[in-house]
Amino acid sequence: MTQSTHYPEHIDLEPVIHVEGSVRLPGSKSISNRTLLLAALSEGATTIHDLLASDDTMVMLGALRSLGIKWDEIDERTVVVHGNGGVLPVHEADLFMGNAGTAIRPLTAALAVIGGDYTLHGVSRMHERPIGDLVEALNEVGAQIDYTGEPGFPPLRIRRGRIAASRMAVRGNVSSQFLTALLMAAPLMATSHAVSIDVVGELISKPYIEITLNLMRRFGVTVEQNGWASFTVQPGQRYTSPGSIHVEGDASSASYFLAAGAIAGGPVRVEGVGENSIQGDVRFADALERMGAIVTRGDNWIEARSNGVLKAIDADFNHIPDAAMTIAVAALYADGPSTLRNIASWRVKETDRLAAMATELRKVGAEVEEGPDYIRITPPEQLKPATIDTYDDHRMAMCFSLASLDGKARRGNAMRINDPKCVAKTFPEYFEAFAGIAKNELF
């Protein structure tokens, strides 16, 4: 997998009068990394089409190769993974996880169940992102996982334990990736008896669990659900390659272009994701409609256009926390104050996104109230030109490109985006794609 885009230390974006065009989305990060691991754990070879080429998928591919899983790159969007039937050829490895939560969490569970001697570590921010609920859930049923730094956080040392699990429990209110990790590892434990996983407390980001369950079915494993309170994997199910699988376009990445269409004319169409997507972030388009945008949908595309100044919104965004960041910047163009609620998970992402978003929104002139799990944004009459810090967080960089749009509210201004290369985590060609829809003439 190759990534050819090189960015300078900053990018200067001039005000954009109008946006229009279409964008082919990169593959979904959430689907790509889940699919890579499921393919590795399966019997048979799996051809993965439209795989995301990004930092996070390179982390997963690198880890799989270090563990002895063979894979072949057919082209920059297609990889063939040779599954090893739930066995890893390499029993001792040092694995660098970067800042990829979608890699370290499922791998931690799989490695703990399969057994061996592994260390998992990443960039400094990864060592600040919690993993304790997952580690405790595994250790309680016999895994042997130790913290080599701060308790509750990576780095981790995983050694061969004696897992005897028929029932497990994990908190659901910090990250849905903990439950995803246990679900994906459950068939490896359910060889002779059923394994049930109970969710303690509220489960956040439920659409991401739906992605996990959907992909597990594609690889031959069915999970029984008791609502969102517990999940059971019956014995005797093994992951089996579906032969080939296509990765949907990334619905979180779609949000920036759909928001641009809603703010600054449009129409802007995203291709690679549509109304029947398995990704919860397609519901971002529903939020845009609530704000007054005109949205149309097809099987493999979504399109948005402006319908006047956006309406302010007050809503719970627990179900789409990543795409909700785009709403926070779109709120700069609304007709009044907007409030995004139930987004505490922002604090444990690539950066503390609540604090970062509040800081950068204030730079462009917004009045911001930052709560423990909400943000309230009152737009200014005119955005101020600003230098936006991105906190090594791809979504901060992509979101704030939208502040250069002039739009119906006539508010946009010049923006300098620092460290634009951070978009390589999920969308290396983002700024080229953004430039492709930017027009400085009205048609």
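A charge sits over a ring if NZ of Lys or CZ of Arg is within 6 Å of the ring centre and within 35 degrees of the ring normal. I looked for such cases first, keeping in mind that this is a predicted model.

**Charges over rings.** I found Arg 65 over the face of Trp 71, at 3.8 Å from the ring centre. I then turned to Arg 269, whose charged end sits over the ring of Trp 301, 3.6 Å from its centre.

**Aromatic pairs.** I searched the whole structure and got seven aromatic pairs.

I asked which residues the ring pairs link into a cluster. They are Tyr 256, Phe 257, Phe 427, Tyr 430, Phe 431 and Phe 434.

**Buried or exposed?** Tyr 430 has 0% relative accessibility, so I noted it as buried. Phe 431 has 7% relative accessibility and also counts as buried. Buried means under 20%.

**Two helices.** I looked up H11, residues 394–401, and H12, residues 430–437. Their axes lie 11 Å apart, and the helices pack at an angle of about 15 degrees. H11 and H12 are therefore roughly parallel to each other, since angles under 35 degrees count as such. The crossing of H11 past H12 is right-handed. On the H11 side, Ala 397, Met 398 and Ser 401 make the contact.

Definitions and conventions:
Residues numbered from 1 in each chain as written. Predicted model: local features only at pLDDT ≥ 70, side-chain atom pairs only at ≥ 80, totals over all residues. Heavy atoms only, no water. Phe/Tyr/Trp six-rings, centres within 6.5 Å; stacked < 30°, edge-to-face > 60°. Buried < 20%, exposed > 50% of the residue type's maximum accessible area, 1.4 Å probe, protein only. Axes fitted to C-alpha atoms, helices over the stretch in contact; angles between N-to-C directions. Helix = DSSP H or I, 4+ residues; strand = E, 2+ residues; numbered from the N terminus. Parallel < 35°, antiparallel > 145°, perpendicular 65-115°, else oblique. Left-handed = near helix turned anticlockwise from the far one by under 90°. Contact = heavy atoms within 4.5 Å.
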